[in-house]
Amino acid sequence: MSDVLPTLPGLSATGDNADTQPLPVETRDEFDVEISGTVGKPFVDNPKMASRNCNVYYGDKQAIFDVNLDIGKNEIIAMIGPSGCGKSTYLRVLNRMNDTIPGCRVSGEHTLDGEDIYSPDQDPVLLRARVGMVFQKPNPFPKSIYDNVAYGPRLHGLARSRTELDEIVEKSLMRAGLFKEVKDDLQKPGTGLSGGQQQRLCIARAIAVDPEVILMDEPTSALDPIATATIEELMDELKSRYTIAIVTHSMQQAARVSQRTAYFHLGKLVEVNPTDQVFTNPEHKLTENYITGRFG
Amino acid sequence: MEIGHHISQRYNQELEDIRTRVLKMGALVESQAEEAVKALLERDGKLAKKVASSDYKINRLEVEIDEECTQVIARRQPAASDLRLVIAVVKVITDLERIGDEAEKIATYSIKLAKKPPISAMHSTLLHLSELVLSMLHDALDSFARMDTDKALEVISRGSNINREFDDLSRLLITYMMEDSHNIKRALRVIWCARSLERIGEHSRNICEYVIFLVKGKDIRHTDLQEILAEHFPDDDSD
């Protein structure tokens, strides 16, 4: 599904460069705590997606080390951690977005409903229709609001008639909580909307192809608090229908929206636990340090 | 359990300042309780008056610390151990303020008791009860200052001794009242003081529970001591 593919500026800006740069040495020394495996509860029953022994390399550099994680059905899982910890890289493993980055190599087993998403039979474009993505910067196409949302369904031939396409567009905008605001302006350019509206348009575009999982890479970091609240409210509604994995730099956001929180540090998955626990009584010292603002 | 090491130095200072003030409030409350007991046992009306008129200092500190905690919550959104610290502090100072109130009550009764002849029969039991309670308060504050959960647990386990002493004293005073109805007024005042002492013991126990919450992240209120030991201090079983 090329409408949410990283042909747009958002990815390279937030992408591999950030993830491959190691943390400054003094930061490492100061908080030299051994990371041996993941603490907490990384596994769930009947996961929607699962990764085993996930290692990711950018050329010679290893960005992710032995990550084992399940993502449960209809849950919102938040991934937090300092810059360069591998959380965005891991998120992009889940819909093979890393395939598009030269020199990037992903190993391990990764499944969606038990199917290997890295098997040679798997068409990455179809995978990305099932596992959609929303980026940090709202990136609507320079097309009308209608065409932005209709792009994916057209590409995948999801509508047999104009009426059906209209329905999909309306339903998607509705679910993204944007329809009321734009219903009279569907032919106006998507780029003319406010930042928060653009991001909801991107969410509408992602859900127009009826995905099962939505990956969100810092979806509100470019938005003001009101637009952020709208998106968070929307996520809460979407979770009854979709599984959501969100990478966020805002710990308050992770605390507000997610049921489980995964903490990444220097490419390792340090802790996964229910969000209730992570923000009141985290199990790992590094998680504690990070969420209480004890390192940079 | 540490308070410092935040990236924000000012945040460190704010939390440290809150902690220091709680310790200050604890010291003030402890001295109020000690002096109230001293005034009661030594029938020192002057000291009792001083205690009764000093409670406002404790109240003022409570309000100030409460305000600081509200500010930290609003401005810093504390999480994990920082959040537990702020929550524990808000609760600890409520109990400290109540201990201050109980000390004030003891002092007020002591002013009146000092004017009447002493009830000598109950002196040693009252002395014993006060010593138990004051040491419980002292050690509760100590466990908070050091964030020492073992000590906190030990203090919690002392609660039953206080109940026993309180019951003994009640029996003594009932007998005393039955001997001569003229004694009732005095005996009631003593029993109210004993009741206040018992409450101080109970508040000290609460403070220890918050210490365990603060350090271990476990809420052990309304839980049987044996259960607490089994669940949160499994290492202690072996020795």
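At what angle do helix 6 and helix 9 of chain A pack, and how far apart are their axes? The legends below take this pair first.

**View 1. Helix 6 packs on helix 9 in chain A.** This is a predicted model, in which local features need pLDDT of at least 70, side-chain atom pairs count only at pLDDT 80 or more, and totals for chains, interfaces and linings use all residues. Residues are numbered from 1 along each chain as its sequence is written, while chains are lettered from A and ligands numbered from 1 in the order in which they are written. Helix 6 of chain A covers residues 145-155, and helix 9 of chain A covers residues 195-207. Their axes lie 7 Å apart, at an angle of about 30 degrees. Helix 6 of chain A is therefore roughly parallel to helix 9 of chain A. The crossing of these two helices of chain A is right-handed. Helix 6 of chain A brings A:Ile145, A:Asn148, A:Val149, A:Tyr151 and A:Gly152, which meet A:Leu201, A:Ala204 and A:Arg205 in helix 9 of chain A. By class, that contact has five nonpolar, two polar and one charged residues.

Terms for this view:
- Helices (H or I, at least four residues) and strands (E, at least two) are DSSP runs, numbered from the N terminus.
- Axes are lines fitted to C-alpha atoms, for helices over the stretch in contact; angles run from 0 to 180 degrees between N-to-C directions.
- Angles under 35 degrees count as roughly parallel, over 145 as roughly antiparallel, 65 to 115 as roughly perpendicular and the rest as oblique.
- A crossing is left-handed if the near helix is turned anticlockwise from the far one by less than a right angle, and right-handed if clockwise.
- Contact means C-beta atoms, placed from the backbone, within 7 Å.
- Ala, Val, Leu, Ile, Met, Phe, Trp, Tyr, Cys and Pro count as nonpolar, Asp, Glu, Lys and Arg as charged, and the others, Gly among them, as polar.

**View 2. Four strands of chain A form an open sheet.** The strand order is 3-2-5-6, with antiparallel pairing (two strands pair if DSSP finds at least two bridges between them). Strand 3 (61-72) and strand 6 (115-116) of chain A are the edge strands, and each pairs on one side only. Strand 5 of chain A, residues 104-112, runs antiparallel to strand 6 of chain A, joined by two bridges. A:Leu112 has A:Glu115 as its bridge partner in strand 6 of chain A.

**View 3. Strand 4 of chain A is covered on both faces.** This strand spans residues 76-80, and five of its five residues are buried (20 or more other C-beta atoms within 10 Å of a residue's own; 12 or fewer is exposed, and in between is partly exposed; C-beta atoms are placed from the backbone). A:Ile76, A:Ala78 and A:Ile80 lie on one side, with A:Ile77 and A:Met79 on the other. Strand 4 of chain A pairs in the parallel sense with strand 9 (residues 243-247) of chain A over four bridges. There, A:Ile77 has A:Ala245 as its bridge partner. Strand 4 of chain A also pairs in the parallel sense with strand 10 of chain A, over four bridges. A:Met79 stands opposite A:Ala262 in strand 10 of chain A.

**View 4. Strand 11 of chain A is largely enclosed.** Five of its seven residues (268-274) are buried, so the rest of the structure largely encloses this strand. Six bridges link strand 11 of chain A to strand 10 (residues 260-265) of chain A in the antiparallel sense. A:Ala262 stands opposite A:Val272 in strand 11 of chain A. Strands 10 and 11 of chain A form a hairpin with two residues between them. In the turn, A:Leu266 has a positive phi of about 50 degrees. Strand 1 (residues 39-40) of chain A pairs with strand 11 of chain A in the parallel sense, over two bridges. A:Val39 has A:Glu271 as its bridge partner in strand 11 of chain A.

**View 5. B:Val133 sits in helix 5 of chain B.** With 29 C-beta neighbours inside 10 Å, B:Val133 counts as buried. Leaving aside neighbours within four places in sequence, B:Val133 is in contact with B:Ile162, B:Leu197, B:Ile200 and B:Gly201. Helix 5 (residues 123-146) of chain B meets helix 7 (residues 159-179) of chain B, their axes coming within 10 Å and crossing at roughly 160 degrees. These two helices of chain B are therefore roughly antiparallel. Their crossing is left-handed.

Key: Two residues are in contact if their C-beta atoms, placed from the backbone, lie within 7 Å.
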